[in-house]
Amino acid sequence: MQTLTRRQLLQTSGALVAAPLLVQSGIKSAQAATLDLSKLKRVKQKLVAPPAVPKHDQVAHGAPKIIEVRLVAEEKQITIDGDGTKIWAMTFNGTVPGPMIVCHQDDYVELTLVNPESNTLEHNIDLHASTGSLGGGGLSHVLPGEEATFRFKATKAGVFCYHCAPGGEMIPLHVTSGMAGTIMVLPRNGLTDANGNSVTYDKVWHIGEQDYYVPKDEDGNFKSYDELADAMSDTFDIMREFVPSHVVIGGSAFAYTGDNALKSKVGETVLIVHMQANNPSQPHLIGGHGDLVWADGSFESPPRSGLETYWLAGGSAGAMLYTFRQPGLYVYLNHNLIKAILAGAAAHIQVAGKWDDDLMTQVKKAGPIMN
Ligand code: CU
Ligand code: CU
């Protein structure tokens, strides 16, 4: 592929939308006139940067609501590792992953996708929690300078990934450039364990794992590009080799370490939601467990208990509930340790509190071998 002008790019992505892979025949706009949603309460959800999640009730109060959310497609250069490697990221609201959307089952989500005039490419959004029209992808195509709004009913309870899917080869390019996030659809009565007992959490962390494919120059150094369009041809070459140059948590390698480590305390229960839109992962908490794990993300299936590591399918989100019992440093990572340690998919958790000697104690410090 040669370097394309902005105009050619828009024409290209437009043509790809019409490719046989994603024929949009049979798609209809929402029949707003036939639905009486006028009595439902409308709530504007304030989206926040990950790993934080929007304020929400764990148990729904009253009738289903209409949750209004606004996502802005932002194309921007970001630094993705400690060596200063820069890529042209494609983001929702400026972060990788995009912000978490939270609602309850049977709520309606009314989503506005904005594509600012300053952008180069066409974008849209496919939410795995929705039903119909390519997950909303068919109703949300926006060119630079446009916005579009569609509404869907959250019929399935669980954690689901969402991502941009503008058509053809632009789909993997946008997803591996950072354009993915998570929507959490809670059961109206909140979470339950395998016996149907109510389960609550003190906080949620939204963990987005992201694979990047950064081209190298003849000397083996990562290349950066002045314009998004300039990077495309080389990036597709690396993508076709299937080997990511970076696999990160929180947008850049080891983003949640040092001063940015995740923080908890002994006795606190955290729901760790993990999303990977493009590749499988093996989420694991070093020094702890998944007390309850919804490995495939469905809150309609009983969670499994006491897991060390779980399989997460590429193109999905999963959730792990854990109550911290010991203070100190934990590492939360993809237990493909090459991806975690060499590529960047590891986070630190600093837990405050009082040590429990019963759970673990040092019997003898390292020293000379005595016999
Ligand atoms: Cu996009
Ligand atoms: Cu998808």
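A residue is called buried here if 20 or more other C-beta atoms lie within 10 Å of its own, exposed if 12 or fewer do, and partly exposed in between, with the C-beta atoms placed from the backbone. Strands (E, at least two residues) and helices (H or I, at least four residues) are DSSP runs, numbered from the N terminus.

This is a predicted model, in which local features need pLDDT of at least 70 and side-chain atom pairs count only at pLDDT 80 or more, while totals for chains, interfaces and linings use all residues. Residues are numbered from 1 along each chain as its sequence is written, and chains are lettered from A and ligands numbered from 1 in the order in which they are written.

**Colour by confidence**

Begin by colouring the chain by pLDDT, the predictor's confidence in each residue on a scale from 0 to 100; the chain averages 92, and 91% of the residues score at least 70. Residues 1-8 have a pLDDT below 50, and this stretch has twelve contacts in the model beyond near neighbours in sequence, a contact being a pair of residues whose C-beta atoms, placed from the backbone, lie within 7 Å. Residues 10-28 also stay under 50, and for them the model has 25 contacts beyond four places in sequence. Where pLDDT is low, the predicted coordinates should not be read in detail.

**Strand E9**

Stay with E9, where seven of seven residues are buried. Ala 180, Thr 182, Met 184 and Leu 186 point one way from the strand, whereas Gly 181, Ile 183 and Val 185 point the other way, and all are buried. Strand E4 (residues 101-104) runs parallel to E9 and is joined to it by four bridges, with His 104 opposite Leu 186. E8 runs antiparallel to E9 and is joined to it by six bridges, one of the partners being Phe 160, which is bridged to Ile 183.

**The core between the domains**

Which residues have the most contacts inside the largest nonpolar core? They are Ile 272 and Val 273, in a core of 92 residues, where a nonpolar core is a set of buried Ala, Val, Leu, Ile, Met, Phe, Trp, Tyr and Cys residues joined through C-beta atoms within 7 Å. Domain 1 and domain 2 both give residues to this core, so it lies between them. Select Ile 272 and show what it touches: leaving aside residues up to four places away in sequence, these are Trp 205, Ile 207, Ala 319, Met 320, Tyr 322 and Tyr 332.

**Two sheets**

Strand E15 (residues 269-276) and strand E19 (residues 316-323) run antiparallel and are joined by eight bridges; Val 270 stands opposite Tyr 322 in E19.

Within it, strand E20 (residues 328-334) and strand E21 (residues 346-352) run antiparallel with six bridges, and Leu 329 stands opposite Gln 350 in E21.

**Two loop residues**

Finish with His 289, in the loop between strand E16 (283-286) and strand E17 (290-294). With 17 C-beta neighbours inside 10 Å, His 289 counts as partly exposed, and beyond four places in sequence it touches Gly 306, Leu 307, Glu 308 and Tyr 322.

Ser 245 lies in the loop between helix H3 (228-239) and E13, and is partly exposed because it has 19 C-beta neighbours inside 10 Å. Apart from neighbours within four places in sequence, Ser 245 is in contact with Tyr 212, Tyr 213, Val 214, Phe 222 and Ile 238; the C-alpha atoms of Ser 245 and Phe 222 are separated by 9.2 Å.

Methods
Domains from an automatic or database assignment. Contact = placed C-beta atoms within 7 Å. Pairing = 2+ DSSP bridges.
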